Amino acid sequence: MSVTVDTPSPLLALQARGPLSEALLHGLSGSGDTADAPAAARRAVAASSNVTRDDDVQLALFLLYACFYGSLDGIPAEAEWDTALIETRAVLEAAFEAELRASVPVPDAPEARARDVAKALFDLTSADSGPSLSRYFAKRATEEQAREFLMQKSIYTLREADPHSWAIPRLRGGAKAALVEIQADEYGGGRPDRVHATIYAKTMRGAGLDDTYGAYLDDAPAITLASHNMMSMFGLNRRLVGAIVGHLAAFEMTSAIPNRLYGDGFRRLGYDEQVTDYFDEHVEADAVHEQIAGRDMAGSLAEDRPELLADIMFGAAACLTVDGWMGEHMLESWTEGRSSLRAGAAS
C-alpha cells in the first residue's frame, strides 16, 4: 500500500521503537510502502527474546490494530484490508499468542456448566495475593505517579469496551445477551455523557492531562501496549472468541475493589468528582457486571460450546497475568523512585 498525502501525517510525530514500527509509521503515513512489512515482522520476531515486552513489536501491533479501530488520526481507511499489513499482523500475532500460551499459568478447566465455570473464574480471580498497585495508589501514590497512572491507563480506557465488542457477532443466545447487557452499561446506557471512555476523558482533563486518544502513546512502555494488544488480538480473531469472553469475565471480576482504591487515592491527593467519577462509577457497575460475566456470559458460552472452555480459562488467566505484569512494572518503578513511563518522565 502506498498513500499520497498533501500534508505531513500526524503518525510521523510518533516515535518509532525499532525497524518494524518505523517502517509501519512511514507506510501508514504515506511516506513509505507496506510491501516489505511482513519480512520486517519476521526479522523483528526472530530478533526478540520476549515479544510481550518488545517495544518495536508491541508498537507495531498497536498500529496494526489501530487500522481496524480507526483510533489514530492519519491512518487511511484502506489500510484495514491491506494484504501486506494483514500478513504482518498474522506474523506478530502468532508469536505473541504462542508466548502467552507458554507463559500464562492456566488452571484446570471445570465442568462445562454455567455454575461451575462461574465458580472457577471467581476462584481464579480471588487467588491473586501479590503486591497490589491499587493499595499502593490509595495510600502512597504521589501527584506525579497519579498522572503517570492516568496516562498509561488511557491506552485502553479512552477506548474502553471496544476490544470486547468484537465478540458480539461471534456469540449467540445467553452469552450474547449477557455481553450486550454489560457493553450497554460501558457505553452509557443510551446517555453519551455516561459512556465510560467519555467519563475517563473528563478524568484526564480534571488532572490537567490531554484527553486526545494516543496523546501518551510514546510514553507507554511495551507491557502497557501488550495489555491492550492482547484484548485486540482476542477480540479480532473469531477463533479466539472464548479467550475474549474469559478476558472480559476476569476483567469485570477484578474491577470493583481496585477502582474504589484508585478513587480513594485521588481523593487523598485532593482531586474532586471530575477526576474520581470514573472510578466511583466502576465500583457499583462492575459489582453487578462480575455476576453477569461469570455465569450468564462465560458460563453460558461454555454450556453452549464446550470446546471453547479451555480458551475461556486461558483468556481469564491471561487477563490477570498480563495486567499483573503491567501493574508490577508501575509498582516496581515507583517504589524504586523512578518513572514508570517509557520516556522516563511524566509530561
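**Group meeting: helix packing and aromatic pairs**

Let's start with Leu 100. Leu 100 touches Thr 52, Met 230, Met 233, Phe 314 and Val 322, leaving out residues up to four places away in sequence. Contact here means heavy atoms within 4.5 Å.

A word on the source. This is a predicted model, where local features need pLDDT of at least 70 and side-chain atom pairs count only at pLDDT 80 or more, while totals for chains, interfaces and linings use all residues. Residues are numbered from 1 along each chain as its sequence is written, and side-chain values use heavy atoms, with hydrogens and water left out.

Back to Leu 100. Leu 100 lies in helix α4. Helices are DSSP runs (H or I, at least four residues), as are strands (E, at least two), numbered from the N terminus. Is Leu 100 buried or exposed? Leu 100 is buried, with a relative accessible area of 0%. Buried means under 20% relative accessible area, exposed over 50%, and partly exposed in between (1.4 Å probe, protein chains only). From Leu 100 to Gly 270 is 39 Å in space, C-alpha to C-alpha, and 170 residues in sequence.

Stay on α4. Glu 93 has its place in helix α4, which covers residues 83-103. Glu 93 is buried, with a relative accessible area of 7%. Glu 93 touches Leu 61, Tyr 65, Met 233 and Asn 237, again not counting residues up to four places away in sequence.

Now α1, residues 19-29. Buried there are Leu 20, Ser 21, Leu 24, Leu 25, Gly 27, Leu 28 and Ser 29. The buried residues of α1 pack against α2 (37-47), α3 and α4. After α1 comes Gly 30, with a positive phi near 95 degrees.

Next, aromatics. Rings of Phe, Tyr and Trp (its six-membered ring) pair if their centres lie within 6.5 Å; planes under 30 degrees apart count as stacked, over 60 as edge-to-face, and the rest as tilted. How many aromatic pairs does this rule give? The count is 17. One is Phe 62 with Tyr 213: stacked, 6.4 Å centre to centre, 20 degrees between the planes. Phe 62 lies in helix α3 (residues 55-69) and Tyr 213 in the loop between α10 (196-206) and α11 (222-236), so this pair ties together parts 151 residues apart in sequence. Phe 62 and Tyr 213 are buried.

Tyr 156 and Phe 251 pair edge-to-face, at 5.5 Å centre to centre and 75 degrees between the planes. Tyr 156 is in helix α7 (residues 143-157) and Phe 251 in helix α12 (residues 241-253), 95 residues apart. Both Tyr 156 and Phe 251 are buried.

Then charges over rings. The cut-off: NZ of Lys or CZ of Arg within 6 Å of the ring centre and within 35 degrees of the ring normal. Arg 101 has its charged end over the ring of Phe 314, 4.2 Å from the centre. Arg 159 has its charged end over the ring of Tyr 213, 5.9 Å from the centre.

The axes of α12 and helix α15 (residues 309-335) come within 6 Å and cross at roughly 50 degrees. Axes are lines fitted to C-alpha atoms, for helices over the stretch in contact, and angles run from 0 to 180 degrees between N-to-C directions. The α12 helix is therefore oblique to α15. Angles under 35 degrees count as roughly parallel, over 145 as roughly antiparallel, 65 to 115 as roughly perpendicular, and the rest as oblique. Residues in this contact include Gly 246 and Phe 251 of α12, and Phe 314 and Gly 315 of α15.
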